[in-house]
Amino acid sequence: MNTAEKKERPYYLSGNMIAIAILLGAYIFSAIRFFGIAYQNRTTESGEEEGGKRVIRVTHWQLEPGFREAMDWVIDQYNALPHVKEAGVEVRQLPITERVYNQFMNVHLISGTAPDIAAKGQTRLIQGTGTARFFTPLSSYVNRPNPYNAEAYLPDHLDETTRRVLTGGAWADSFLDGMEGGFDTDLQDYYAVPVSVWGGLRIFYNVDLLKRVKAFALEAVTSEPQPDWVRSCWLRGGGEAIEGYLPDSAGFRQWLAGDSVPETLGQLLFYCTAVEAYAKTMGFPTLVPISGSNYGPGDLAQIYFRPWTKHWKKKLDWDRDLFVNDHETFAGWQLGFWSMRDKPMQEYFNFAKIVTGFFPRGYVGLDREQAQRRFVSGRAAMISSGAWDAGAIFSSIRNRKDGGFPIIISPPPYPAADERWHSFIPMAPSEANFTTGVPFAINRASPNFNWSLDFLRFLSSMPVNEEF
(Lines give C-alpha, C1' and ligand atoms only; values in the text may rest on other atoms or scores of the structure.)
Protein backbone atom coordinates (compact mmCIF):
# COMPACT_ATOMS: atom_id res chain seq x y z
CA MET A 1 0.00 0.00 0.00
CA ASN A 2 1.47 3.40 -1.00
CA THR A 3 1.40 6.64 1.00
CA ALA A 4 -1.67 8.03 -0.80
CA GLU A 5 -3.71 4.95 -0.04
CA LYS A 6 -2.71 5.18 3.62
CA LYS A 7 -3.89 8.79 3.80
CA GLU A 8 -7.26 7.92 2.23
CA ARG A 9 -7.96 5.07 4.76
CA PRO A 10 -10.67 6.19 7.26
CA TYR A 11 -9.70 6.35 10.95
CA TYR A 12 -11.87 4.66 13.55
CA LEU A 13 -11.67 5.10 17.36
CA SER A 14 -10.91 1.84 19.11
CA GLY A 15 -12.79 0.64 22.20
CA ASN A 16 -9.72 1.27 24.35
CA MET A 17 -9.51 4.88 23.20
CA ILE A 18 -13.19 5.45 24.04
CA ALA A 19 -12.72 3.93 27.51
CA ILE A 20 -9.67 6.12 28.17
CA ALA A 21 -11.61 9.21 27.05
CA ILE A 22 -14.50 8.36 29.40
CA LEU A 23 -12.16 7.78 32.34
CA LEU A 24 -10.30 11.00 31.66
CA GLY A 25 -13.56 12.92 31.44
CA ALA A 26 -14.80 11.41 34.70
CA TYR A 27 -11.52 12.31 36.42
CA ILE A 28 -11.67 15.92 35.22
CA PHE A 29 -15.32 16.23 36.29
CA SER A 30 -14.55 14.78 39.75
CA ALA A 31 -11.58 17.08 40.21
CA ILE A 32 -13.61 20.16 39.26
CA ARG A 33 -16.44 19.16 41.59
CA PHE A 34 -14.04 18.41 44.46
CA PHE A 35 -12.32 21.78 44.25
CA GLY A 36 -15.67 23.51 43.77
CA ILE A 37 -17.06 22.01 46.99
CA ALA A 38 -13.79 22.70 48.79
CA TYR A 39 -14.02 26.34 47.67
CA GLN A 40 -17.62 26.68 48.87
CA ASN A 41 -16.85 25.11 52.23
CA ARG A 42 -13.43 26.62 52.78
CA THR A 43 -12.72 27.70 56.32
CA THR A 44 -10.09 29.82 57.94
CA GLU A 45 -8.06 28.82 60.98
CA SER A 46 -10.72 30.45 63.16
CA GLY A 47 -13.37 28.18 61.68
CA GLU A 48 -15.37 31.00 60.09
CA GLU A 49 -16.92 30.26 56.74
CA GLU A 50 -17.70 32.66 53.94
CA GLY A 51 -20.20 35.23 55.21
CA GLY A 52 -18.73 35.29 58.70
CA LYS A 53 -20.82 32.42 60.06
CA ARG A 54 -19.16 29.65 62.04
CA VAL A 55 -20.79 26.30 61.15
CA ILE A 56 -20.47 23.22 63.38
CA ARG A 57 -21.28 20.02 61.51
CA VAL A 58 -22.54 16.90 63.29
CA THR A 59 -22.53 13.63 61.36
CA HIS A 60 -23.86 10.18 62.26
CA TRP A 61 -25.45 7.08 60.74
CA GLN A 62 -28.52 6.89 63.04
CA LEU A 63 -31.17 7.09 60.31
CA GLU A 64 -33.92 5.40 62.31
CA PRO A 65 -37.18 7.38 62.43
CA GLY A 66 -37.13 9.73 65.39
CA PHE A 67 -33.39 10.21 65.88
CA ARG A 68 -32.88 12.83 63.18
CA GLU A 69 -36.03 14.68 64.22
CA ALA A 70 -34.87 14.68 67.85
CA MET A 71 -31.42 15.92 66.80
CA ASP A 72 -33.02 18.68 64.73
CA TRP A 73 -34.97 19.75 67.82
CA VAL A 74 -31.80 19.89 69.94
CA ILE A 75 -29.95 21.82 67.23
CA ASP A 76 -32.79 24.36 66.94
CA GLN A 77 -32.78 24.82 70.71
CA TYR A 78 -29.02 25.33 70.77
CA ASN A 79 -28.89 27.67 67.77
CA ALA A 80 -31.53 29.83 69.47
CA LEU A 81 -29.43 30.38 72.61
CA PRO A 82 -28.50 34.08 72.95
CA HIS A 83 -24.74 33.53 73.30
CA VAL A 84 -24.74 31.17 70.31
CA LYS A 85 -26.61 33.61 68.09
CA GLU A 86 -24.41 36.47 69.21
CA ALA A 87 -21.28 34.52 68.25
CA GLY A 88 -22.69 33.74 64.80
CA VAL A 89 -22.50 29.99 65.42
CA GLU A 90 -24.81 27.52 63.68
CA VAL A 91 -24.91 23.75 64.22
CA ARG A 92 -26.00 21.61 61.27
CA GLN A 93 -26.83 17.92 61.11
CA LEU A 94 -25.25 15.68 58.47
CA PRO A 95 -26.83 12.20 58.63
CA ILE A 96 -25.20 9.57 56.40
CA THR A 97 -26.34 6.03 55.71
CA GLU A 98 -24.24 3.42 57.49
CA ARG A 99 -23.47 1.76 54.16
CA VAL A 100 -21.18 4.65 53.19
CA TYR A 101 -20.37 6.13 56.62
CA ASN A 102 -17.20 4.06 56.90
CA GLN A 103 -15.82 5.24 53.57
CA PHE A 104 -16.97 8.82 54.16
CA MET A 105 -15.19 9.10 57.51
CA ASN A 106 -12.03 7.36 56.32
CA VAL A 107 -11.60 9.73 53.38
CA HIS A 108 -12.41 12.92 55.26
CA LEU A 109 -10.45 12.12 58.41
CA ILE A 110 -7.32 11.42 56.37
CA SER A 111 -7.81 14.58 54.30
CA GLY A 112 -8.56 16.69 57.37
CA THR A 113 -12.03 17.70 56.10
CA ALA A 114 -14.18 15.58 58.43
CA PRO A 115 -17.13 17.18 60.27
CA ASP A 116 -16.46 18.77 63.65
CA ILE A 117 -18.47 16.14 65.54
CA ALA A 118 -18.90 12.54 64.40
CA ALA A 119 -20.52 9.41 65.78
CA LYS A 120 -17.65 7.18 66.86
CA GLY A 121 -17.69 3.69 65.34
CA GLN A 122 -18.56 1.91 62.08
CA THR A 123 -14.97 2.25 60.84
CA ARG A 124 -11.75 0.57 61.96
CA LEU A 125 -9.78 3.69 61.10
CA ILE A 126 -11.16 5.39 64.20
CA GLN A 127 -10.68 2.47 66.57
CA GLY A 128 -7.71 1.71 68.78
CA THR A 129 -4.80 4.09 68.24
CA GLY A 130 -6.69 5.63 65.33
CA THR A 131 -9.07 7.13 67.88
CA ALA A 132 -6.23 9.08 69.48
CA ARG A 133 -4.97 10.16 66.07
CA PHE A 134 -8.22 11.63 64.82
CA PHE A 135 -10.27 12.55 67.92
CA THR A 136 -9.65 14.76 70.93
CA PRO A 137 -9.35 13.25 74.45
CA LEU A 138 -11.87 14.70 76.89
CA SER A 139 -10.76 13.61 80.38
CA SER A 140 -9.81 17.14 81.42
CA TYR A 141 -13.33 18.27 80.58
CA VAL A 142 -15.54 15.43 81.81
CA ASN A 143 -14.27 15.87 85.37
CA ARG A 144 -15.70 19.39 85.52
CA PRO A 145 -19.40 20.26 85.96
CA ASN A 146 -21.55 20.59 82.86
CA PRO A 147 -22.53 24.29 82.67
CA TYR A 148 -25.88 23.33 81.10
CA ASN A 149 -26.72 21.37 84.27
CA ALA A 150 -26.53 24.60 86.26
CA GLU A 151 -29.42 25.56 88.52
CA ALA A 152 -30.96 27.89 85.93
CA TYR A 153 -31.49 25.01 83.48
CA LEU A 154 -32.84 22.33 85.85
CA PRO A 155 -36.55 21.60 86.42
CA ASP A 156 -38.14 22.30 89.80
CA HIS A 157 -39.18 18.71 90.56
CA LEU A 158 -35.65 17.31 91.08
CA ASP A 159 -34.69 16.07 94.53
CA GLU A 160 -31.83 17.82 96.30
CA THR A 161 -29.33 14.95 95.94
CA THR A 162 -29.76 14.76 92.17
CA ARG A 163 -29.69 18.53 91.90
CA ARG A 164 -26.43 18.70 93.87
CA VAL A 165 -24.75 16.02 91.70
CA LEU A 166 -25.79 17.74 88.48
CA THR A 167 -24.84 21.28 89.47
CA GLY A 168 -21.60 20.63 91.33
CA GLY A 169 -20.46 17.15 90.30
CA ALA A 170 -18.36 16.04 87.36
CA TRP A 171 -19.92 15.98 83.90
CA ALA A 172 -19.20 12.23 83.73
CA ASP A 173 -21.15 11.62 86.94
CA SER A 174 -24.30 13.05 85.38
CA PHE A 175 -24.52 9.97 83.12
CA LEU A 176 -26.34 6.85 84.27
CA ASP A 177 -23.23 4.73 83.74
CA GLY A 178 -20.60 7.30 84.69
CA MET A 179 -20.02 8.01 80.98
CA GLU A 180 -18.66 4.51 80.44
CA GLY A 181 -20.06 4.55 76.91
CA GLY A 182 -17.56 7.26 75.98
CA PHE A 183 -14.50 5.72 77.67
CA ASP A 184 -11.85 3.95 75.58
CA THR A 185 -10.43 1.08 77.65
CA ASP A 186 -7.40 0.64 75.37
CA LEU A 187 -6.41 4.31 75.52
CA GLN A 188 -7.64 4.83 79.10
CA ASP A 189 -9.30 8.12 78.26
CA TYR A 190 -12.67 9.60 77.36
CA TYR A 191 -12.92 10.20 73.63
CA ALA A 192 -16.65 10.57 73.11
CA VAL A 193 -19.87 11.83 74.66
CA PRO A 194 -22.70 9.25 74.57
CA VAL A 195 -26.15 10.73 74.00
CA SER A 196 -28.45 7.72 74.30
CA VAL A 197 -28.87 4.46 76.23
CA TRP A 198 -28.75 0.92 74.88
CA GLY A 199 -31.85 -1.03 75.85
CA GLY A 200 -32.31 -4.79 75.90
CA LEU A 201 -32.87 -6.75 72.71
CA ARG A 202 -36.40 -7.89 71.89
CA ILE A 203 -38.24 -10.14 69.46
CA PHE A 204 -40.98 -8.59 67.31
CA TYR A 205 -43.79 -11.06 66.45
CA ASN A 206 -46.34 -10.83 63.63
CA VAL A 207 -49.52 -11.45 65.67
CA ASP A 208 -51.75 -12.37 62.71
CA LEU A 209 -49.29 -15.01 61.60
CA LEU A 210 -48.78 -16.15 65.19
CA LYS A 211 -52.48 -16.95 65.59
CA ARG A 212 -52.71 -18.80 62.28
CA VAL A 213 -49.58 -20.85 62.86
CA LYS A 214 -50.53 -21.78 66.43
CA ALA A 215 -53.97 -22.95 65.25
CA PHE A 216 -52.28 -24.98 62.51
CA ALA A 217 -49.80 -26.44 65.02
CA LEU A 218 -52.48 -27.28 67.60
CA GLU A 219 -54.37 -29.29 65.02
CA ALA A 220 -51.17 -31.14 64.11
CA VAL A 221 -50.25 -31.86 67.76
CA THR A 222 -53.71 -33.25 68.60
CA SER A 223 -53.91 -35.44 65.51
CA GLU A 224 -53.11 -39.15 65.43
CA PRO A 225 -50.53 -39.89 64.31
CA GLN A 226 -48.66 -36.65 64.68
CA PRO A 227 -46.83 -35.32 61.61
CA ASP A 228 -43.08 -35.91 61.40
CA TRP A 229 -42.30 -32.21 61.95
CA VAL A 230 -44.15 -32.29 65.29
CA ARG A 231 -42.42 -35.46 66.49
CA SER A 232 -39.02 -33.99 65.58
CA CYS A 233 -39.54 -31.27 68.22
CA TRP A 234 -40.11 -33.61 71.21
CA LEU A 235 -37.16 -34.02 73.52
CA ARG A 236 -35.69 -37.50 73.23
CA GLY A 237 -32.45 -39.44 73.52
CA GLY A 238 -29.64 -38.65 75.93
CA GLY A 239 -25.96 -37.87 76.24
CA GLU A 240 -24.42 -37.03 72.89
CA ALA A 241 -27.51 -38.27 70.99
CA ILE A 242 -30.08 -35.88 72.50
CA GLU A 243 -32.55 -34.40 69.98
CA GLY A 244 -35.60 -32.15 70.03
CA TYR A 245 -36.33 -29.13 72.21
CA LEU A 246 -39.15 -29.78 74.70
CA PRO A 247 -41.52 -32.50 75.99
CA ASP A 248 -45.13 -32.85 74.91
CA SER A 249 -46.84 -31.71 78.11
CA ALA A 250 -50.19 -30.31 79.25
CA GLY A 251 -48.57 -26.92 79.89
CA PHE A 252 -47.20 -26.82 76.36
CA ARG A 253 -50.60 -27.65 74.84
CA GLN A 254 -52.23 -25.00 76.99
CA TRP A 255 -49.77 -22.42 75.63
CA LEU A 256 -50.38 -23.64 72.10
CA ALA A 257 -54.14 -23.12 72.49
CA GLY A 258 -53.68 -19.50 73.60
CA ASP A 259 -52.59 -16.31 71.84
CA SER A 260 -49.36 -15.60 73.74
CA VAL A 261 -45.93 -15.56 72.12
CA PRO A 262 -43.35 -18.26 72.96
CA GLU A 263 -42.50 -18.10 76.67
CA THR A 264 -39.60 -20.59 76.65
CA LEU A 265 -36.79 -21.39 74.26
CA GLY A 266 -38.31 -24.77 73.49
CA GLN A 267 -41.61 -23.12 72.56
CA LEU A 268 -39.75 -20.64 70.35
CA LEU A 269 -37.98 -23.39 68.40
CA PHE A 270 -41.23 -25.37 68.13
CA TYR A 271 -42.93 -22.26 66.77
CA CYS A 272 -40.16 -21.78 64.19
CA THR A 273 -40.57 -25.39 63.07
CA ALA A 274 -44.36 -24.88 62.87
CA VAL A 275 -43.90 -21.78 60.68
CA GLU A 276 -41.83 -23.79 58.22
CA ALA A 277 -44.44 -26.54 58.12
CA TYR A 278 -47.24 -23.97 57.75
CA ALA A 279 -45.45 -22.23 54.86
CA LYS A 280 -44.90 -25.54 53.07
CA THR A 281 -48.49 -26.72 53.59
CA MET A 282 -50.10 -23.41 52.57
CA GLY A 283 -47.79 -22.78 49.64
CA PHE A 284 -45.86 -19.76 50.93
CA PRO A 285 -42.31 -20.50 49.74
CA THR A 286 -40.94 -17.07 50.74
CA LEU A 287 -42.20 -17.21 54.35
CA VAL A 288 -39.46 -17.82 56.93
CA PRO A 289 -39.63 -18.09 60.73
CA ILE A 290 -36.94 -15.48 61.57
CA SER A 291 -35.90 -12.52 59.45
CA GLY A 292 -32.20 -12.92 60.18
CA SER A 293 -29.34 -10.95 58.62
CA ASN A 294 -25.67 -10.11 59.17
CA TYR A 295 -26.78 -7.39 61.62
CA GLY A 296 -25.70 -8.47 65.14
CA PRO A 297 -28.91 -7.63 67.07
CA GLY A 298 -30.87 -9.48 64.38
CA ASP A 299 -28.95 -12.73 64.92
CA LEU A 300 -30.58 -14.78 67.69
CA ALA A 301 -27.57 -17.07 67.83
CA GLN A 302 -25.41 -14.12 68.88
CA ILE A 303 -27.98 -12.90 71.40
CA TYR A 304 -27.78 -16.19 73.32
CA PHE A 305 -23.99 -16.44 73.25
CA ARG A 306 -23.23 -14.37 76.38
CA PRO A 307 -25.67 -16.07 78.75
CA TRP A 308 -24.70 -19.45 77.31
CA THR A 309 -21.00 -19.00 78.05
CA LYS A 310 -21.30 -17.28 81.45
CA HIS A 311 -20.16 -20.53 83.14
CA TRP A 312 -16.54 -19.50 82.53
CA LYS A 313 -16.94 -15.97 83.88
CA LYS A 314 -15.67 -16.66 87.42
CA LYS A 315 -12.62 -18.45 85.99
CA LEU A 316 -11.76 -15.75 83.47
CA ASP A 317 -12.65 -12.47 85.20
CA TRP A 318 -9.21 -12.08 86.79
CA ASP A 319 -9.37 -8.32 87.34
CA ARG A 320 -12.82 -8.69 88.97
CA ASP A 321 -14.42 -5.91 86.94
CA LEU A 322 -17.48 -8.12 86.20
CA PHE A 323 -16.52 -8.23 82.51
CA VAL A 324 -14.45 -10.78 80.57
CA ASN A 325 -12.42 -8.95 77.96
CA ASP A 326 -10.64 -10.36 74.90
CA HIS A 327 -7.29 -10.70 76.67
CA GLU A 328 -8.79 -12.70 79.55
CA THR A 329 -10.69 -14.91 77.10
CA PHE A 330 -7.59 -15.73 75.06
CA ALA A 331 -5.40 -16.24 78.12
CA GLY A 332 -8.01 -18.59 79.60
CA TRP A 333 -8.06 -20.62 76.39
CA GLN A 334 -4.26 -20.75 76.29
CA LEU A 335 -4.11 -21.94 79.92
CA GLY A 336 -6.76 -24.59 79.31
CA PHE A 337 -9.55 -23.03 81.40
CA TRP A 338 -11.94 -23.45 78.48
CA SER A 339 -11.95 -25.19 75.12
CA MET A 340 -14.03 -25.38 71.97
CA ARG A 341 -14.53 -29.06 72.84
CA ASP A 342 -16.20 -28.30 76.18
CA LYS A 343 -19.80 -29.45 76.47
CA PRO A 344 -21.32 -25.94 76.78
CA MET A 345 -19.50 -24.75 73.67
CA GLN A 346 -20.44 -27.86 71.68
CA GLU A 347 -24.10 -27.47 72.67
CA TYR A 348 -23.99 -23.79 71.76
CA PHE A 349 -22.78 -24.73 68.29
CA ASN A 350 -25.64 -27.23 68.01
CA PHE A 351 -28.13 -24.54 69.05
CA ALA A 352 -26.63 -21.96 66.66
CA LYS A 353 -26.88 -24.41 63.77
CA ILE A 354 -30.54 -25.07 64.57
CA VAL A 355 -31.64 -21.46 65.06
CA THR A 356 -29.81 -20.09 62.01
CA GLY A 357 -31.50 -22.81 59.97
CA PHE A 358 -34.70 -20.80 60.49
CA PHE A 359 -33.15 -17.71 58.86
CA PRO A 360 -33.55 -16.94 55.14
CA ARG A 361 -31.09 -18.64 52.82
CA GLY A 362 -27.98 -16.56 52.36
CA TYR A 363 -28.79 -14.45 55.41
CA VAL A 364 -25.13 -13.48 55.92
CA GLY A 365 -25.46 -11.46 52.72
CA LEU A 366 -28.54 -9.60 53.96
CA ASP A 367 -28.27 -6.33 55.84
CA ARG A 368 -30.43 -4.78 58.54
CA GLU A 369 -32.75 -2.92 56.13
CA GLN A 370 -33.40 -6.02 54.01
CA ALA A 371 -34.30 -8.00 57.14
CA GLN A 372 -36.75 -5.31 58.23
CA ARG A 373 -38.41 -5.19 54.80
CA ARG A 374 -38.93 -8.95 54.89
CA PHE A 375 -40.64 -8.77 58.28
CA VAL A 376 -42.72 -5.69 57.42
CA SER A 377 -43.92 -7.29 54.18
CA GLY A 378 -45.23 -10.29 56.16
CA ARG A 379 -42.67 -12.78 54.83
CA ALA A 380 -41.20 -13.51 58.28
CA ALA A 381 -42.88 -14.53 61.52
CA MET A 382 -40.47 -12.57 63.72
CA ILE A 383 -37.41 -10.34 63.82
CA SER A 384 -35.06 -9.44 66.67
CA SER A 385 -33.65 -5.97 67.32
CA GLY A 386 -33.68 -3.14 69.84
CA ALA A 387 -35.84 -0.13 70.61
CA TRP A 388 -33.93 1.92 68.02
CA ASP A 389 -35.60 -0.08 65.22
CA ALA A 390 -39.09 -0.12 66.74
CA GLY A 391 -40.09 3.21 65.19
CA ALA A 392 -39.08 2.14 61.69
CA ILE A 393 -40.86 -1.21 62.01
CA PHE A 394 -44.11 0.25 63.35
CA SER A 395 -44.25 3.14 60.87
CA SER A 396 -43.52 0.85 57.90
CA ILE A 397 -46.27 -1.55 58.91
CA ARG A 398 -48.77 1.28 59.42
CA ASN A 399 -47.99 2.56 55.90
CA ARG A 400 -48.91 -0.73 54.26
CA LYS A 401 -51.89 -0.44 51.90
CA ASP A 402 -53.72 -3.27 53.70
CA GLY A 403 -53.34 -1.61 57.10
CA GLY A 404 -50.55 -3.92 58.25
CA PHE A 405 -50.69 -6.31 61.18
CA PRO A 406 -50.43 -6.04 64.98
CA ILE A 407 -47.10 -6.71 66.73
CA ILE A 408 -46.15 -8.15 70.09
CA ILE A 409 -42.70 -7.34 71.46
CA SER A 410 -41.16 -9.75 73.95
CA PRO A 411 -37.71 -10.52 75.43
CA PRO A 412 -35.83 -13.56 74.06
CA PRO A 413 -37.14 -16.60 75.98
CA TYR A 414 -34.94 -19.03 77.91
CA PRO A 415 -35.23 -22.81 78.45
CA ALA A 416 -37.73 -24.13 80.99
CA ALA A 417 -36.56 -26.64 83.58
CA ASP A 418 -37.77 -29.63 81.53
CA GLU A 419 -36.37 -28.40 78.20
CA ARG A 420 -33.12 -28.95 76.39
CA TRP A 421 -30.23 -26.62 77.29
CA HIS A 422 -31.73 -25.54 80.63
CA SER A 423 -28.53 -26.57 82.43
CA PHE A 424 -26.56 -24.18 80.21
CA ILE A 425 -28.90 -21.17 80.63
CA PRO A 426 -30.77 -21.70 83.91
CA MET A 427 -31.92 -18.07 84.07
CA ALA A 428 -32.23 -14.96 81.94
CA PRO A 429 -29.40 -12.43 82.26
CA SER A 430 -30.04 -9.12 83.98
CA GLU A 431 -30.45 -5.98 81.89
CA ALA A 432 -29.35 -3.73 84.75
CA ASN A 433 -25.79 -3.47 83.42
CA PHE A 434 -26.77 -1.21 80.54
CA THR A 435 -24.36 1.37 79.15
CA THR A 436 -24.82 4.62 77.33
CA GLY A 437 -24.45 4.56 73.56
CA VAL A 438 -24.29 6.56 70.32
CA PRO A 439 -21.00 8.25 71.33
CA PHE A 440 -20.11 11.50 69.57
CA ALA A 441 -16.43 12.47 69.31
CA ILE A 442 -14.78 15.77 68.36
CA ASN A 443 -12.53 15.81 65.32
CA ARG A 444 -8.97 16.66 66.36
CA ALA A 445 -8.55 18.72 63.18
CA SER A 446 -11.67 20.80 63.83
CA PRO A 447 -11.04 24.55 64.24
CA ASN A 448 -14.25 24.70 66.29
CA PHE A 449 -13.35 22.56 69.29
CA ASN A 450 -14.75 24.86 71.97
CA TRP A 451 -18.10 25.24 70.25
CA SER A 452 -18.26 21.51 69.48
CA LEU A 453 -17.63 20.76 73.15
CA ASP A 454 -20.24 23.32 74.14
CA PHE A 455 -22.86 21.70 71.90
CA LEU A 456 -22.15 18.22 73.28
CA ARG A 457 -22.49 19.58 76.80
CA PHE A 458 -25.84 21.05 75.85
CA LEU A 459 -27.00 17.82 74.15
CA SER A 460 -25.99 15.66 77.13
CA SER A 461 -27.39 17.97 79.82
CA MET A 462 -30.12 16.48 81.97
CA PRO A 463 -33.15 18.55 80.80
CA VAL A 464 -32.19 18.53 77.10
CA ASN A 465 -31.08 14.90 76.85
CA GLU A 466 -34.17 13.70 78.72
CA GLU A 467 -36.36 15.38 76.10
CA PHE A 468 -34.06 14.22 73.28
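Pro 225 is placed in the loop between helix H9 (207-221) and helix H10 (228-231), where helices (H or I, at least four residues) and strands (E, at least two) are DSSP runs numbered from the N terminus. The bond that joins Glu 224 to Pro 225 is a cis peptide bond, with omega at about -5°. The model is a predicted one, in which local features need pLDDT of at least 70, side-chain atom pairs count only at pLDDT 80 or more, and totals for chains, interfaces and linings use all residues. Residues are numbered from 1 along each chain as its sequence is written, and side-chain values use heavy atoms, with hydrogens and water left out.

Most residues other than glycine have a negative phi, and most peptide bonds are trans. Met 179, in the loop between helix H8 (160-168) and strand S4 (183-184), has a positive phi near 65°. Met 179 is buried, with a relative accessible area of 0%, where buried means under 20% relative accessible area, exposed over 50% and partly exposed in between (1.4 Å probe, protein chains only). A positive phi, of about 55°, is also found at Gln 188, which is not a glycine. Gln 188 lies in the loop between S4 and strand S5 (189-190) and is exposed, at 55% relative accessible area.

Side chains of opposite charge can pair when their charged atoms come close. With a salt bridge taken as a side-chain nitrogen of Lys or Arg within 4 Å of a carboxyl oxygen of Asp or Glu, the count comes to 14 salt bridges. One of these is formed by Glu 98 and Arg 368, whose closest N and O atoms are 2.9 Å apart. Glu 98 lies in helix H5 (residues 98-111) and Arg 368 in helix H18, so the pair ties together parts that are 270 residues apart in sequence. Salt bridges that share partners join Glu 64, Glu 98, Arg 368 and Asp 389 into one network.

A cavity is a set of points, on a 1 Å grid over the protein atoms alone, where a 1.4 Å probe fits but cannot get out, and lining residues have an atom within 4 Å of a point. A search of the whole structure finds one cavity of 30 Å³ or more, and about 60 Å³ of space lies in the largest cavity, the volume being the space filled by probe spheres set on the points, which are joined across faces, edges and corners. Helix H18 (368-376), strand S9 (380-385) and helix H19 (387-398) are the elements that give two or more residues to the lining.

Elsewhere, Glu 466 is placed in helix H21 (residues 462-467) and counts as exposed, at 58% relative accessibility. The C-alpha atoms of Glu 466 and Glu 69 are separated by 15 Å, although the two residues are 397 apart along the chain.

Conventions:
On a 1 Å grid over the protein atoms alone, a cavity is a set of points where a 1.4 Å probe fits but cannot get out, and a pocket is an open set with protein on both sides within 12 Å along at least five of seven lines; lining residues have an atom within 4 Å of a point.
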